[in-house]
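Good morning, and thank you for coming. Please look at the structure on the screen, and I shall take you through some of its strands and the residues packed around them.

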Amino acid sequence: MDRADDAAEPDAEPVAGPVDPADDAAEPVIEPAPGARDAPDAPELAVVESRTVDTASPSIDSAVAARAVARDRAAGTGTAAGRRARLGVAVGAATGVVLLAATAAIASGAVDDVLPRPSAQALAVPAAAVPAGDYSAVCPAPPRLLEATVDGGDPQFSPASSTAKTTVSGLVLSDLSATVTGSGLLPVGGEEPLALIQPFTSESSQVGDAPASSGEDGLTTRIAGTVDGVAVDAPSVLRAQPQGGLTPVAAATATYSAKDGDLRGLAATACQVPSNDFWLMGASTTVGETSVLTLTNPTVTPATVTLELFGREGPIDAAGLRGQLVAPGETRQIVLAGLAGNQDHVALRVRSDGGRIAGIIQQSVLRGLTPGGVELLSPATTAGVTQVVPGVVVQDPDTARRIRDQDGYATAAPELQVLVPGSSDAVLDIKVYGPDGEVSLPDGGVATAAAGSVTTVPLAALPEGNYTIAVTSDVSIVAGARVTRGIDDGEPVDFAGARSAVRLGSDHAVALAEGVDTALVLGAPTGRGEVTLTPVSADGALGQPVVIGIAGGTSITVPSSSLGAAAAGVVINATGDPVYGAQVMTTPGAGAGISVASVAPGAGGAQSIPVELGY
């Protein structure tokens with residue numbers, strides 16, 4: 001009997017007994033289990049949709065289904081409709097068995113044995129080439145007082161300075177054919193260069209250029225274009241166009257100095273490549289200390305800035321931390337005392353949506369009528385379990401003690417500052433490296449730092465010298481150091497902020513600060529590193545490279561005078577084990593001025609990024 005007969009005769013008389021499969025070829029055949037009928041040759045297997053179920057040890061569900069089929073046979077309900085009903089029962093029971101098996105497989109983790117497995121076709125993740133862009137480094141505006149200046153007063157007691165000046169020095173390296181790309185120092189948001197190194201070319205002329213590997217004579221020659229001591233009174237940017245499809249090697253340093261006024265001292269910083277995320281350490285908003293955060297957007301895209309503040313007691317919550325808008329070409333200043341008042345230690349995380357920004361903190365101290373120093377605090381490296389702070393300068397203990405013993409000068413002491421931005425406390429392992437190796441701290445160099453707060457470690461017990469400090473933690477941290485310098489008690493003092501630095505690699509350019517004594521402090525926490533210093537003169541000529549080996553666990557000081565009297569910059573290349581460096585600047589003669597600037601990361605070549613496909 002076929003399906004057509006079933007459809008034509010729905011009320012046909014039931015047929016008792018087994019049905020020949022040939023009569024209903026389209027229907028699956030269901031045979032009862034043993035004992036369901038008296039046929040002596042009853043099969044020992046029940047067939048359900050071509051699946052075999054061993055009836056020697058049937059499950060409860062399959063046994064119930066078999067007994068139901070036997071009762072229907074005995075009652076004579078053998079029509080096709082009845083068979084479909086019985087089939088539904090049996091298939092439902094079998095499906096229940098399968099679903100129970102699938103559930104058990106998922107519970108046991110054997111999903112691959114139950115669920116369908118996708119084809120094992122390998123899909124390559126495409127990579128999108130990122131074209132080289134301009135090198136842009138933002139140099140901050142000169143430090144300025146928040147209050148109006150006093151005219152006609154004694155310069156020694158006036159908040160204004162008659163000797164203050166701010167200059168920017170920079171350099172751009174050529175390719176191997178001695179060709180310097182279009183570059184110069186420009187005002188932020190302006191087009192007319194303050195100083196031109198090489199005329200800028202149109203964007204279309206840069207497309208398809210290949211890196212030059214030699215000059216027309218087949219020889220390799222490298223020079224530099226420089227700007228030296230350009231006076232500025234507003235934020236500026238050193239810009240250099242791509243060179244042979246690569247971002248050029250360049251750097252700039254801004255230097256402020258004043259011999260009178262409330263902002264007396266020395267402040268210098270490496271000009272900052274804009275970013276969407278960076279950390280700042282060393283701010284203070286107690287009485288007599290002023291912190292001004294300066295945000296500059298050199299791009300053509302608006303930036304929406306979010307601030308995260310941390311103090312000695314933990315995270316600082318205040319109105320105005322989110323949604324700070326910095327328009328293209330705009331510089332915005334925020335007085336941190338309005339967000340975190342009376343805080344002796346403040347650390348910041350600055351993040352922006354949209355345009356990349358540069359950020360710096362103008363920090364100054366005034367003790368009564370006596371200037372206590374000024375500094376431009378630039379970003380530290382990103383948070384990590386290891387932080388290395390080069391350029392930690394400790395002056396001779398006797399002078400430092402006389403200065404600290406004065407009333408109100410307790411903060412004029414060197415210290416390490418560590419921020420733990422996460423929610424777990426940190427166990428710190430602090431190691432201090434000098435020219436003769438590791439120098440022990442009084443507490444053995446082990447300290448605990450509370451989560452979400454800034455912790456300080458005194459460094460006044462260290463002997464006089466220039467150090468590199470390595471901090472290792474079990475959770476991510478950010479580190480920096482505050483150092484001071486004075487001539488004697490009763491005289492103004494100055495301070496500087498050293499911050500954690502990147503590991504030195506290939507082609508780090510450093511523009512040496514103008515009008516001050518400068519030195520490079522290089523440290524190798526472990527192993528052994530080798531550093532090559534190539535001086536750059538003011539006329540752009542590259543001098544004879546100086547190769548220096550640095551033993552692991554030491555920190556050395558290289559005065560700029562050892563690189564040549566006319567050195568305006570230096571190119572640093574490091575190999576071997578990790579080496580870190582900073583530029584330390586001091587006022588010539590008997591001045592107290594001091595500042596520390598980090599070595600900027602090396603220039604990167606052509607890059608590509610993976611592109612994830614999906615929605």
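I begin with strand E22, which is covered on both faces: Glu-415, Gln-417 and Leu-419 are buried on one side, and Leu-416 and Val-418 are buried on the other. Buried here means under 20% relative accessible area, exposed means over 50%, and partly exposed lies in between, with a 1.4 Å probe and protein chains only. Strands, labelled E, are DSSP runs of at least two residues, while helices, H or I, need at least four, and both are numbered from the N terminus.

Before I continue, a word on the source. This is a predicted model, in which local features need pLDDT of at least 70 and side-chain atom pairs count only at pLDDT 80 or more, whereas totals for chains, interfaces and linings use all residues. Residues are numbered from 1 along each chain as its sequence is written, and side-chain values use heavy atoms, with hydrogens and water left out.

Which strands pair with E22? E22 pairs with strand E26, residues 454-458, in the antiparallel sense over five bridges, and with E27, again antiparallel, over five bridges. Two strands are said to pair if DSSP finds at least two bridges between them. Leu-416 has Val-457 as its bridge partner in E26, and Val-418 has Ala-479 as its partner in E27.

E27, residues 465-486, also runs antiparallel to E28, and seven bridges join them. E27 and E28 form a hairpin with six residues between them, and Gly-490 in the turn has a positive phi of about 85°. Why is E28 described as largely enclosed by the rest of the structure? Strand E28 covers residues 493-499, and seven of its seven residues are buried, so the description follows from that count. On one side of E28 are Val-493, Phe-495, Gly-497 and Arg-499, and on the other Asp-494, Ala-496 and Ala-498.

Let us turn to the cores. A nonpolar core is a set of buried Ala, Val, Leu, Ile, Met, Phe, Trp, Tyr and Cys residues joined through side-chain atoms within 4.5 Å. The largest has 31 residues, and Val-392, Leu-416, Leu-428, Ile-430 and Ile-469 have the most contacts inside it. Strands that each supply at least two residues of this core include E22, E27 and E28. The largest share, seven residues, comes from E27. In soluble globular proteins, nonpolar side chains tend to be buried together.

My next stop is an open sheet of four strands, in the order E29-E34-E31-E32, with antiparallel pairing. Strands E29 (508-511) and E32 (546-551) stand at the edges with a single partner strand each, so one side of each is left without a neighbour in the sheet. Within the sheet, nine bridges join E31, residues 528-537, to E34, residues 567-576. Pro-535 stands opposite Val-570 in E34.

Finally, consider Thr-167 in strand E5, residues 165-173. Is Thr-167 buried or exposed? Thr-167 is buried, with a relative accessible area of 9%. The C-alpha atoms of Thr-167 and Tyr-256 are separated by 6.7 Å, although these residues are 89 apart along the chain. The side chain of Thr-167 also makes a polar contact, at 3.1 Å, with the side chain of Glu-514. A polar contact is a pair of N or O atoms within 3.5 Å; within protein, one must be able to donate a hydrogen and the other to accept it, and residues adjacent in sequence count only if both atoms are side-chain atoms.
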